[in-house]
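Here's a quick tour of the fold, from its surface to its strands and cores. Have the structure open as you read.

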Amino acid sequence: KDPQKRIPFYEAMGMSVVRSKDYGDFSNYFLACTTSTNSAKEGDGDVDFAALSEEDAKSKLMDRFGPILELTHNHGTEDDPDFKHVNGNEEGRQGFGH
């Protein structure tokens, strides 16, 4: 519901936001472990992910960090007390859960 409350949880586990993107109705946050052994490959330097195409940015992130967690924030849900997460395993919604 609120990335400003959720992201610190993952940061406490050693992850950090390596990319974020606002799509208007929702935002995506990509988090990865950024230890010195995997945060940069030789010759990689600082990458301006915002300047890359969507496909190139995703590819570069995977090359650079390995597993990445994607969080989606649906704008407005932080103020909606009736908002519920759907995981794809509810009655009538099977087939998507992962």
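The chain exposes about 7100 Å² (Shrake-Rupley, 1.4 Å probe), and carbon and sulfur atoms supply 49% of that area. This is a predicted model, where local features need pLDDT of at least 70, side-chain atom pairs count only at pLDDT 80 or more, and totals for chains, interfaces and linings use all residues. Residues are numbered from 1 along each chain as its sequence is written, and side-chain values use heavy atoms, leaving out hydrogens and water.

Along the sequence you'll read α-β-β-α-β, with helices (H or I, at least four residues) and strands (E, at least two) taken as DSSP runs numbered from the N terminus.

Strand β2 is mostly covered, with six of its eight residues buried. Here are its pairings (at least two DSSP bridges between two strands):

| Pair | Sense | Bridges | One facing pair |
|---|---|---|---|
| β1 (residues 15–22) and β2 | antiparallel | seven bridges | Lys-21 and Asn-28 |

Three residues sit between the strands of the β1 and β2 hairpin, where Gly-24 takes a positive phi near 100°.

As for nonpolar cores (buried Ala, Val, Leu, Ile, Met, Phe, Trp, Tyr and Cys joined through side-chain atoms within 4.5 Å), the largest has eight residues, including Val-18, Phe-30 and Phe-65. Helix α2 (54–65) and β2 (26–33) each give two or more residues to this core, and α2 gives the most, with three. Another core lies apart from it, with five residues, among them Ile-7, Tyr-29, Leu-31 and Leu-71.

Terms used. Buried < 20%, exposed > 50% of the residue type's maximum accessible area, 1.4 Å probe, protein only.
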